Amino acid sequence: MQNLLKTGAIGKTKNDLILSVLMFLYCALLPFEEAFAYSFGSILRIFGVLIIAYIFFSFISEPVKRYNLFLLAPFIIWIIYSAVSVIWSDDFSWWSYFFKIYISQIALVVFVVLYCEHINFEYLKNGLIVGAVIASAMLILMPASSQLTEEGRRTIIIFDKVFDPNIVASIISLGLFMIIGKIFSQKSRKKLYIFLMIILAIGMLFTGSRGALISLVAGFGVQLFLQMKKKNTRKKALFMVFLCVVIVIVALAVLPSELILSRFSKETLFGFNELASGSHNRYTIWKNALTLIWKAPIIGYGCGNFFSAIATVYRECASHNLYILLFVEGGVIGFLIFVYGLAKLLFGAYKRQLYSVLGMLFSVLVMAITLDSITYKYFWVAIIFSAISIIKSDENLTVKQDE
């Protein structure tokens, strides 16, 4: 049996150290992309190109597993549909700008997932944790260089570049789910993971991101509910509930009171105060975007054309909602194709009882209600992680059955 595992006769392939390290660095640098952005692209773009190039020249001759390709098929079809939408796009410059972003991320997802058997999965997980821990430590321990507003809200500032606090919070949330997964699956280093979980939770709260908090609670709640249904993880789930209470107590003690009142109070958590004031807000954008959907419900306005379309009924602005963005730009066709791909990953994780993965992905998708996540790399990393988790789970099941 050991010889079979080494030769890969039953699905096991030797991990490639270079590729695994490249994935580790890509994930670890996620929170800091804005600090290392140049005229020719960000540092993550460079690492993305290196990863694609390395996979292409090292493994492209190997046969592609049909299931891996089938798992990604909706996203591949969606990017093809986005390419074709240039025909009916009103603004070619917007189409070109966003299509380049989408195609580069889809390419990375496809190459990494199709040849994921060469990646040490722990490197990817640890990369997300390391990046999140460093970002959280900066937010907590370096307030002078991370202060954002008088409300006490913080984000990372490097080289005079102010990072988007919502993106920083979302990336930290990914690291949190990696640690939560380790707490449920591993018996060692529990104290270290618990400590890191508290650090990441406090760091995320310091950003004042309401969307990140809501999505984290939603995703973690789904995971805990499913873990409670399993006898072998029920005790751990109850312990996690207790740990959450501890985190809330610590957060109330260390977070500035003005931050709690201005960002996490009942009146402001869902942004209804902004709607009541009549100021520019997400609800107003979504209301006007709905009129656009009724005008072009089938094929939409074309890839990247949300900005030009919304300007015709409101003003040029971001959608702040992935699903409205998909519907406006791709119509019901583009929307259903993309959402079907997300649903496949959610159902795949649920079917295999990968509840930590399910909670993480669900959290990312809830965050997408208030963020046009498709343009950010953390969103695609979540898709990569979910797809690889499903594939690795099937491989492990095959090994057990053959034994």
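A salt bridge is taken here as a side-chain nitrogen of Lys or Arg within 4 Å of a carboxyl oxygen of Asp or Glu. The model is predicted, so local features need pLDDT of at least 70 and side-chain atom pairs count only at pLDDT 80 or more, whereas totals for chains, interfaces and linings use all residues. Residues are numbered from 1 along each chain as its sequence is written, and side-chain values use heavy atoms, with hydrogens and water left out.

Four salt bridges are present in the structure. In one of them, Lys377 pairs with Glu33, and the closest N and O atoms are 2.8 Å apart. Because Lys377 belongs to helix α17 (residues 377-402) and Glu33 to the loop between α2 and β1 (37-38), this pair ties together parts that are 344 residues apart in sequence. Helices (H or I, at least four residues) and strands (E, at least two) are DSSP runs, numbered from the N terminus. Both partners, Lys377 and Glu33, are buried, a term that means under 20% relative accessible area, with exposed meaning over 50% and partly exposed in between (1.4 Å probe, protein chains only).

Helix α17 also contributes Asp394, which meets Arg352 of the loop between α15 (322-351) and α16 (355-367), so that parts 42 residues apart in sequence are tied together. Asp394 counts as partly exposed because its relative accessibility is 24%. Elsewhere, salt bridges with shared partners join Glu122, Lys125 and Lys182 into one network. Within it, Lys125 and Glu122 meet at 3.3 Å, N to O; they are three residues apart in helix α6 (residues 121-141), and therefore separated by about one helical turn.

Asn288 lies in helix α13 (residues 282-295) and, at 17% relative accessibility, counts as buried. The side chain of Asn288 reaches the backbone oxygen of Thr284 at 2.7 Å. Beyond its neighbours within four places in sequence, Asn288 is in contact (heavy atoms within 4.5 Å) with Ile310, Val313 and Tyr314.

The cysteines form zero disulfides, a disulfide being a pair of cysteine sulfur atoms within 2.5 Å. For Cys116, the nearest cysteine sulfur is that of Cys27, 14 Å away. Cys116 counts as buried, with 0% relative accessibility. For Cys303, the nearest cysteine sulfur belongs to Cys317 and is 18 Å away; Cys303 is likewise buried, at 3% relative accessibility.

How values were computed
Polar contact = N/O pair within 3.5 Å; in protein donor to acceptor, adjacent residues only side chain to side chain.
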